[in-house]
Amino acid sequence: MRYDVNLSILFTELPLLQRAEAARKAGFGAVEFWWPFDRAVPSDTEVDAFERSITDAGVRLVGLNFFAGDMPSGDRGLVSWPGREREFADSVAVAIGIAERLGCRTFNALYGNRIDGADPSAQDDLAVSNLDSAAAAAERIGARLVIEPLSGAGRYPLRTAADALAVIDKVGRENLALLFDLYHLAVNGDDLDAVIDGHIDRIGHVQIADVPGRHQPGTGSLDIERYLRKLADRSYEGCVGLEYIPAGPSEQSFGWLDRAGIPWRQG
């Protein structure tokens, strides 16, 4: 099992451009990010600085979100948001350029909230169209999109693995897969064992945090180590993203990996 650290939620004690180096010093060889800019189309200078922070640290970028709107204010993606199609398409183009240069091949396309005054069925139709276009663009560099159910966002319509898989089936492209986030699915009451047993071949990326609290494994009641063993036994070959809010300093939140005897330090 290969582990990466999500630098949009860990090492936030540091400026964003210093986090890849901190992850490397902590022992990680791979990182992922939410959208690392404050708008859909950042400047060339911002993109160059972001890319340099990864290459200079000597780590791999294994996952990148498309622009999702104003996340701190509650936005959760543009895929199904009428009127913001251009922003979504522009961020897809920027993300694919970054990925092509850095070797990233997994993009998280957050579906988006239900919007006041918008017809939900029209939003879903727009989502299919946007995902189809984004998947076609990603396919050109051999990349895939992952679709993520979320918790804690009342207007976000994808709450279970079945919800995300239904969207993937509607789009019908082979390079769409499920983002299996143990935290969000457990909070929403989904059956994690059933998802692994029934859909292991459709899981494109895994993320973990404990429940409750969304902190590192061992701080809550979710048997994360068992689920990780089960994923390994079912021959899951992708990365496991550490996407938790550290209880304490980030660099002190990885002891659970050592206690579990997991060989996670990678060059």
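## Barrel

Eight strands form a closed barrel in the order β1-β2-β3-β4-β5-β6-β7-β8, and their pairing is parallel. Neighbouring strands of this sheet are turned against each other by 30° on average, direction ignored. Two strands count as paired if DSSP finds at least two bridges between them. Strands (E, at least two residues) and helices (H or I, at least four) are DSSP runs, numbered from the N terminus.

Strand β1 (residues 2–6) and strand β8 (residues 239–242) run parallel and are joined by four bridges. In this pair, Val5 stands opposite Leu242 in β8. Helix α8 (residues 224–233) packs on the sheet and touches β1, β6 (176–181), β7 (203–208) and β8, where touching means heavy atoms within 4.5 Å. The direction of α8 makes about 160° with that of β7. Such angles run from 0 to 180 degrees between N-to-C directions of lines fitted to C-alpha atoms, for helices over the stretch in contact.

## Basis of the model

This is a predicted model, in which local features need pLDDT of at least 70 and side-chain atom pairs count only at pLDDT 80 or more, while totals for chains, interfaces and linings use all residues. Residues are numbered from 1 along each chain as its sequence is written, and side-chain values use heavy atoms, with hydrogens and water left out.

## Whole chain

The chain has nine helices and eight strands. Its radius of gyration is 17 Å, close to the 18 Å from the globule rule for 267 residues, so the chain is as compact as a globular protein of that length. The radius is taken over C-alpha atoms, and the rule is 2.2 Å times the number of residues to the power 0.38. Along the principal axes, the C-alpha atoms fill a box of roughly 50 × 45 × 35 Å.

## Nonpolar core

The largest nonpolar core has 89 residues, and Phe107, Leu145, Phe180 and Leu242 touch the most other members. A nonpolar core is a set of buried Ala, Val, Leu, Ile, Met, Phe, Trp, Tyr and Cys residues joined through side-chain atoms within 4.5 Å. Helix α3 (residues 85–102) gives the largest share of this core, eight residues.

Definitions and conventions
Buried < 20%, exposed > 50% of the residue type's maximum accessible area, 1.4 Å probe, protein only.
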